[in-house]
Amino acid sequence: MVLALTKLVEGYQQLGIDVLTIDDMDRYWVVRSPEWTEFHQEPKLSVGSLLEDWAGIQRVRQGGTPTSVDFERLGAVLRVVSDRILEPSTSTPGASNAVRIDIHLRQLPLLLTRLVEHFQQAGVSALEIDDMDYYWVVEPPEWTEFQKEPSLCVGSLIDDWAELQRVLEGGIVTTVDFNRLGAMLRAVSERLGRQ
């Protein structure tokens with residue numbers, strides 16, 4: 001996963017995208033674990049916070065002890081990266097009271113490496129997620145719109161992993177690949193949380 005994220009970041013850095021500014025959003029719709037991979041009942045939507053996710057990631061970046069939830073937080077940040085590449089911020093710097101987050105793409109693989117290394121040192125060298133495939137997701141742009149309740153879509157971890165393998169083999173990098181990796185990180189978070 002670190003190599004896949006590195007390839008994604010390099011692909012967009014080659015296009016001149018190094019820093020993404022987020023100053024016009026915080027909340028997003030999400031189906032929480034473990035419901036996000038369960039299909040025997042209608043899932044419940046919750047509201048996530050990019051600011052809280054980013055604060056958790058910064059804690060790790062500054063030397064704090066990683067937790068399994070940090071994989072999910074980084075996954076949410078990757079979804080925002082995907083959105084922001086497609087639709088850069090149009091707000092005027094300093095024009096609002098919103099908190100500004102500058103996401104330096106080159107830091108993302110370093111953060112993921114820190115998370116992975118922490119759990120490897122704790123004895124976790126591999127995780128099996130073969131009992132997980134389909135998951136609930138709110139797609140962009142609805143995932144950050146709160147005027148009405150969004151519709152849910154179904155994603156596939158197996159398909160996501162196959163597409164990330166394509167990236168590793170030198171395939172074209174797309175913004176959707178950040179979403180795919182975000183889903184994989186969420187699966188890792190859930191699996192580590194169960195151990």
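How do the residues in the lining of the second largest pocket divide by class, and how many are nonpolar, polar and charged? In this predicted model, that lining has 16 nonpolar, two polar and one charged residues. The second largest pocket holds about 420 Å³ of space. It is lined by 19 residues, and Met1, Ser125, Ala126, Leu127 and Val188 are the closest to its centre. At least two lining residues come from each of α4, α5 (157-168) and α6.

The largest pocket has a volume of about 490 Å³. Its lining comprises 31 residues, with Arg79, Val137, Gly182, Ala183 and Arg186 nearest the centre. Two or more of these residues are given by each of β2, β3, α2, α3, β5 (134-137) and α6. By class, the lining of the largest pocket contains 15 nonpolar, six polar and ten charged residues.

Helix α2, spanning residues 50-61, consists of twelve residues. From its first C-alpha to its last, α2 reaches 16 Å, close to the 16 Å expected at 1.5 Å a residue. Leu50, Asp53, Trp54, Gly56, Ile57, Gln58 and Val60 are the buried residues of this helix. They pack against the strands β1 (19-22), β2 (27-31), β3 (45-49) and β4 (101-104), and against the helices α3 (69-86) and α4 (107-121). Glycine 63, which follows α2, has a positive phi near 105°.

Helix α6 (residues 176-194) contains aspartate 177. Aspartate 177 counts as buried because its relative accessibility is 0%, under the 20% cut-off. Leaving aside residues up to four places away in sequence, aspartate 177 touches Leu8, Glu163, Leu164, Arg166, Val167 and Ile172.

Technical notes:
Residues are numbered from 1 along each chain as its sequence is written. This is a predicted model: local features need pLDDT of at least 70, side-chain atom pairs count only at pLDDT 80 or more; totals for chains, interfaces and linings use all residues. Side-chain values use heavy atoms; hydrogens and water are left out. Helices (H or I, at least four residues) and strands (E, at least two) are DSSP runs, numbered from the N terminus. Buried means under 20% relative accessible area, exposed over 50%, partly exposed in between (1.4 Å probe, protein chains only). Contact means heavy atoms within 4.5 Å. The expected span of a helix is 1.5 Å times one less than its number of residues. On a 1 Å grid over the protein atoms alone, a cavity is a set of points where a 1.4 Å probe fits but cannot get out, and a pocket is an open set with protein on both sides within 12 Å along at least five of seven lines; lining residues have an atom within 4 Å of a point. Grid points are joined across faces, edges and corners, and a volume is the space filled by probe spheres set on the points. Ala, Val, Leu, Ile, Met, Phe, Trp, Tyr, Cys and Pro count as nonpolar, Asp, Glu, Lys and Arg as charged, and the others, Gly among them, as polar.
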